[in-house]
Amino acid sequence: MFTRLLMLGLNRQLASISFLLAVTLLLLTGLPRLSIDTGLDSLIPANDPARLIYERISGEFGTDNRTIIYIRDANLWTPKKLAVLESLHHKLAGLDYVSRVDDLFTLHTIRGKDGKVDSRPLLREAPKDNETALQVREDALSNPLIVDNFVSPDATVTAIIVSIREVRNDNNFNARVNDDLNRLVASIQTTFEEVVQVGSPRINTELKTSLTADFKLLGPLSAFVLVISILFFLRSGLAALIPLITSVVSILWTFGLMGLLGIPVNILSTMLPSLIIVIGSTEDTHLIASYFHELALGKTRDSSKSRRQIATRLTLKRMGLPLVLTIMTTVLGFASNIFSSIGLIQDFAIASTFAILANGIITLLLVPILLYHFGPIKNRVYQSSGETKGIATLVTDAFKFSQSKFPRFILLATAALCIFFIYAASKLHVTNDPLSYFPEHRPLIQDAKRIHEDLSGIKLFFITLDTGKEKAFQSPENIRKLASIQAFIKRQGAFDRSISLADYLAFVNREFRQDRNRLDLPESRELISQYLLFFHRSDLESYVSHDLSRANIVVRHNINDSHTLNQYVRELEVTLPHIVGGDIKTTIVSENLMINQAAESLMIAQVKSLSLLLFAIFLIMSAMYTSFKGGLIALVPAVIPIVLMFGTMGLLDIPLNPGTAMVAVIAIGIAIDGTIHLLSRYNELCRRTDDYLKAVSITVHEESTPLVTASLSLAFGFGVLLLSNFTVVAQFGALAAATMLFSIYANLLITPLIMTHVRLVGLHQILTISVDSEVLDNSPLFADMSNYQRRKAILISELNEFEAGDKLIEQGTSGRNMYLLLSGEVEVIRHNADESLHLATLKPGQVFGEIGFIRETLRTADVQASTPVSVLRFDYDKLKKDLKLFPNIIAKLNFNISCILGERLADAVEAMSQKSGNS
Amino acid sequence: MANWQNLLRRPSGNLKKNNILNTLHTFLITGLLLFAGSNTALAKDSLTGREIMEEVYQRHEQFPYIYEEQVMVLIDSSGNRDTRKLRRYSRLDSADSGRYLLLFDHPPEVRGVGLLTTIQPPENIQASIYLPAYGPQLIKSVGQNQADTFLGTDFSVSDLLPEPLGKYYFKRLQDERVGEVDYFILDMYGKQADTDNEPPLKRHYVRQDIYYITRTDSFDRHGRLHKRQTHHDMKPLGGSMWRADMVLMEDLKAKHQSLIKISRRVFSRDYVPEELFTLEWLVNNQHMPLPEKEAAPPDTSTGSHGEVNISQAMETTN
């Protein structure tokens with residue numbers, strides 16, 4: 001049935017093509033509905049309880065969606081330039097989505113001088129003369145609430161902070177806002193030395209622009225790299241074309257489905273075309289390489305049509321199971337990311353899982369049909385002996401040499417390497433900050449850095465103190481608590497600036513006292529209340545609730561690394577209760593913080609996904625090779641590249657981010673493919689030979705070309721992602737490429753070394769083995785064994801076939817093999833001097849050679865095939881080895897062998913007693 | 001209007017004669033009213049902006065001594081409200097000089113805070129603030145610009161003072177009818193302004209029937225509307241004088257509102273003694289609210305809804 005399923009594409013060609021066409025047409029209808037999402041929401045776990053708190057706090061103290069317009073000019077404070085800024089202010093305020101503009105024209109200042117106190121806007125309108133302009137400059141510089149926040153200490157830079165009221169469900173909102181802001185910025189650029197704007201709309205728009213650029217670049221480039229690498233390794237135009245066809249169809253299916261399901265394209269989805277092309281092509285490559293192999297082994301005198309048809313069928317027969325397994329494991333790799341609580345990763349996981357599954361189905365249905373009808377006849381990869389030629393051979397030979405010469409050293413070296421890389425991986429840190437998605441040299445990052453250097457960072461978070469009591473922040477004690485928190489923040493030295501109600505009160509107090517050197521807090525509730533009269537509610541709404549029961553400290557920073565940010569925030573969280581006491585509830589929140597804190601869940605999700613995937617692969621492999629040990633062994637070559645990858649990340653200080661977080665699971669899913677191909681082939685070869693080393697050697701020889709080809713193609717394909725506009729995608733590409741190279745090392749050097757020590761039996765072989773059940777039922781060797789156990793026992797043995805006249809056992813030789821006759825007849829002939837004594841004719845189900853199996857002794861008779869026969873050969877040493885892997889089966893076999901021997905002994909004793917009776 | 005009716009009133013005779021007389025009477029009255037109306041309309045049409053403003057001031061700014069108890073509600077952009085109780089003392093010493101004191105009674109933490117404003121010729125406005133918690137001193141110059149808002153409200157000092165007419169030019173625009181009421185529309189400019197090219201400082205909506213400014217729009221230098229003051233709960237005080245018991249100031253940019261509700265108004269020199277406008281009075285806790293029985297002599301105070309015994313009030317102007 002399984003084979004029938006594999007052959008479905010070939011056997012039902014028209015139906016398969018119709019099915020593929022119908023699905024393609026159906027999913028194509030989803031393409032127009034495809035949307036792009038670069039919003040920051042998808043970076044925050046959907047179930048994050050901080051979301052609600054954030055919404056409440058940002059509703060009360062104002063949004064943290066703020067864009068900063070940075071204006072630098074050595075002569076900023078002239079009536080003309082300030083008039084331009086005033087005009088800009090009004091234009092900004094006139095934008096329908098702008099909820100607030102904070103700048104020189106909205107700032108309130110209080111100035112105590114000559115016994116008078118001036119409480120007024122810093123600038124109601126642009127001054128008319130230079131003197132007033134310079135006075136405003138002086139006023140601004142004397143106000144600690146303004147310096148470093150709105151004006152640089154040297155007064156050459158000022159900032160306009162634009163609060164944006166976000167419009168949900170408008171895909172073009174950020175682009176529209178960014179365009180408006182850019183237009184306004186451009187309109188004043190000639191007046192000032194430098195004007196830039198940085199904020200969510202720009203970040204979002206640049207994410208979208210980069211995403212589109214990536215989309216246009218990466219897919220085609222991956223396709224190009226794929227074609228080149230396949231042409232290089234397989235040297236066939238069609239071999240390069242086939243993966244392209246399956247990839248294009250898979251891409252259409254995937255994006256069509258995303259459109260239908262409403263899954264938006266995000267920055268990770270830009271990788272999808274590349275991933276589909278690169279990963280999807282591995283199955284095609286294996287199929288095509290196997291096709292070439294079969295072609296090479298086939299009879300050359302057959303017609304072209306017949307040769308390609310036979311080769312295709314044999315390929316499917318041979319490759320079907322590993323193909324299905326590899327598709328399953330790769331799908332699992334992608335699917336394991338579905339458990340991520342970060343929407344960005346989850347959406348990508350759903351889309352990519354479907355993509356790989358779809359690619360698998362398309363490959364299984366379409367590639368055989370294409371090979372069947374159009375498969376190339378000229379094979380430049382395999383020689384007629386099945387030997388490979390080309391660069392892959394060089395790689396293989398190099399590995400084979402090291403493997404045979406220094407196996408122990410290789411294993412030890414690998415173990416040492418793994419230990420070192422595990423240590424290096426311990427330095428791994430996580431980040432989820434959107435700005436870290438962009439490369440350092442990007443103008444956006446440079447602009448953000450400049451704002452941070454001249455003023456304060458563009459990112460912010462809120463620390464809110466909730467007393468639950470009205471007018472609590474009229475109390476000097478509570479105001480002092482705010483100041484203490486700020487003092488602690490300053491001591492931390494990580495954040496640029498914090499502002500709270502305490503700053504405002506200290507400032508008013510200073511101006512009233514008219515002592516510039518002191519920034520003391522007012523000492524009585526009444527004075528605080530009376531000072532507060534000097535502020536408009538809008539001046540303080542970001543810092544204190546209307547009923548004065550809650551206060552808010554706004555902290556600005558430019559930390560792009562979630563790990564560092566979270567560390568400092570955690571430190572704050574621990575310290576806050578000590579400062580404020582038990583009666584005041586504190587919360588630290590902001591959208592940026594939630595995004596960064598999601599990095600922690602990234603790590604948790606990573607561990608979860610990895611464990612789950614490894615467990616799933618372990619289960620699958622254990623089931624497929626009917627041994628838990630087998631499952632465990634199969635994991636080893638898959639885990640090594642991952643250990644090396646994490647170690648590389650630690651060594652090169654590459655953080656775990658939404659991009660790199662997926663490499664491990666995806667890479668395991670792909671790396672295990674090579675292992676599956678190797679194990680499947682080895683397992684198959686072990687059935688025909690008792691020389692495991694030879695089986696390993698043949699396996700490596702046969703599989704190395706597709707394995708190296710696929711891995712190098714994957715590495716090149718992933719390497720293409722280095723050209724991405726996103727650091728996260730580039731890092732993903734680099735690491736995935738490196739992991740593919742590591743997987744060549746693991747699969748061609750470590751897997752063969754492990755393989756020589758194991759003998760696995762495939763579930764598929766057990767289920768599909770064709771043996772006469774009557775023979776098994778009647779055979780004493782399989783007495784009291786279930787059908788499954790019998791089949792497994794058969795597979796542990798070796799299947800040998802002999803022609804009539806062939807000697808299976810030769811008298812006088814020593815051998816520790818025992819045989820079970822499956823079909824045909826053998827004669828047992830004993831030679832005594834010149835005469836030959838026919839002892840018996842054995843029928844299917846009967847066992848022979850059991851004495852030699854038990855004890856090393858010379859064979860006492862010849863066993864010769866009188867008809868073509870097939871026998872199962874049980875090797876003593878092999879079974880002894882297999883006892884560790886299949887203890888139940890071997891124990892059962894040994895028991896039955898002892899029964900057979902017992903029977904023989906009883907017969908012999910009886911015969912002897914008869915003989916002695918007769919004599 | 002009442003005098004005219006008295007003049008035209010005739011003693012009643014028999015019914016027929018009365019009917020004829022009544023008919024004639026009606027025609028006569030109608031004719032006279034139409035004549036008078038057309039004369040008034042003609043007179044209104046010919047008024048300049050300045051004349052309208054003079055009429056406004058003449059009608060409504062007659063009392064030099066006013067004591068008011070106010071409730072001020074500050075509403076922020078989120079709709080949160082802050083309520084303060086205040087007293088306002090106005091004392092006009094001459095046509096171009098006067099003193100104003102605004103005293104906070106509630107909330108308790110700000111009780112005693114005072115804003116003292118003096119106007120001295122020529123149109124020099126000085127403001128000082130007194131913070132009891134800060135110490136016994138008046139802090140001068142609360143705002144450099146009299147258009148700046150004070151003490152967290154949307155009102156500026158000048159919003160609550162009569163405009164010095166000599167300082168401005170009032171350009172009359174096309175009259176407007178809003179609902180059932182006709183308005184003079186006056187744009188206010190600085191004296192030297194180029195009225196054809198510069199935006200006005202303010203636009204007054206003056207009710208034609210009572211010459212009362214019920215709405216004032218304030219503009220910035222670029223002609224953008226940024227504040228709007230409207231008067232509500234209009235009450236006639238007798239004669240031609242009206243007062244609004246509720247004044248709303250909206251900051252359209254910041255989306256704030258400040259509402260002043262006058263709960264009590266007394267036109268009396270006794271309520272606004274001269275010593276009130278001194279630091280000594282403020283410091284010596286004399287600003288504390290007076291007991292109710294002393295605070296409101298029944299003959300001169302408004303009712304709880306701002307009703308006023310105008311005849312008594314008129315006496316206080318002498």
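How many residues of chain A are in contact with residues of chain B? In this predicted model, 26 residues of chain A touch 28 residues of chain B.

**Where chain A meets chain B**

- Four elements of chain A each supply at least two residues of the side that touches chain B: α5 (79-93), β4 (116-121), α18 (525-532) and α19 (537-540).
- The largest share of that side comes from β4(A), with six residues.
- By residue type, the side of chain A that touches chain B has seven nonpolar, 10 polar and nine charged residues.

**A four-stranded sheet in chain A**

- Strands of a sheet pair through backbone hydrogen bonds, in either a parallel or an antiparallel way.
- Here the pairing is antiparallel, and the four strands of chain A make an open sheet in the order β8-β9-β7-β10.
- At the edges lie β8 (497-499) and β10 (585-589) of chain A, each of which pairs on one side only.
- From one strand to the next, the twist averages 15°.
- Five bridges join β7 (residues 459-466) of chain A to β10(A), again in the antiparallel sense.
- Within this part of the sheet, T464(A) stands opposite T587(A), a residue of β10(A).
- Helix α16 (residues 476-492) of chain A packs on the sheet and touches β7, β8 and β9 (550-557) of chain A. The direction of α16 makes about 15° with that of β9(A).

**A pair of packed helices in chain A**

- Two packed helices can be described by the angle between their axes and by the distance between those axes.
- For α10 (residues 272-297) and α24 (residues 692-720) of chain A, the angle is about 160° and the axes are 9 Å apart.
- Angles over 145 degrees count as roughly antiparallel, so α10(A) and α24(A) are roughly antiparallel to each other.
- The crossing of α10(A) past α24(A) is right-handed.
- Residues making the contact include S274(A), I277(A) and H293(A) from α10(A), and E702(A), P706(A) and F718(A) from α24(A).
- The residues of this contact between α10(A) and α24(A) divide into nine nonpolar, 11 polar and one charged.

**A closer look at I410(A)**

- I410(A) sits in helix α14 (residues 407-425) of chain A.
- I410(A) counts as partly exposed because 18 other C-beta atoms lie within 10 Å, whereas a buried residue would have 20 or more.
- Between I410(A) and K378(A) there are 32 residues of separation in sequence and 38 Å in space, C-alpha to C-alpha.

Terms used. Residues are numbered from 1 along each chain as its sequence is written. Chains are lettered from A and ligands numbered from 1 in the order in which they are written. This is a predicted model: local features need pLDDT of at least 70, side-chain atom pairs count only at pLDDT 80 or more; totals for chains, interfaces and linings use all residues. Two strands pair if DSSP finds at least two bridges between them. Axes are lines fitted to C-alpha atoms, for helices over the stretch in contact, and angles run from 0 to 180 degrees between N-to-C directions. Two residues are in contact if their C-beta atoms, placed from the backbone, lie within 7 Å. A residue is buried if 20 or more other C-beta atoms lie within 10 Å of its own, exposed if 12 or fewer, and partly exposed in between; C-beta atoms are placed from the backbone. Ala, Val, Leu, Ile, Met, Phe, Trp, Tyr, Cys and Pro count as nonpolar, Asp, Glu, Lys and Arg as charged, and the others, Gly among them, as polar. Angles under 35 degrees count as roughly parallel, over 145 as roughly antiparallel, 65 to 115 as roughly perpendicular and the rest as oblique. A crossing is left-handed if the near helix is turned anticlockwise from the far one by less than a right angle, and right-handed if clockwise.
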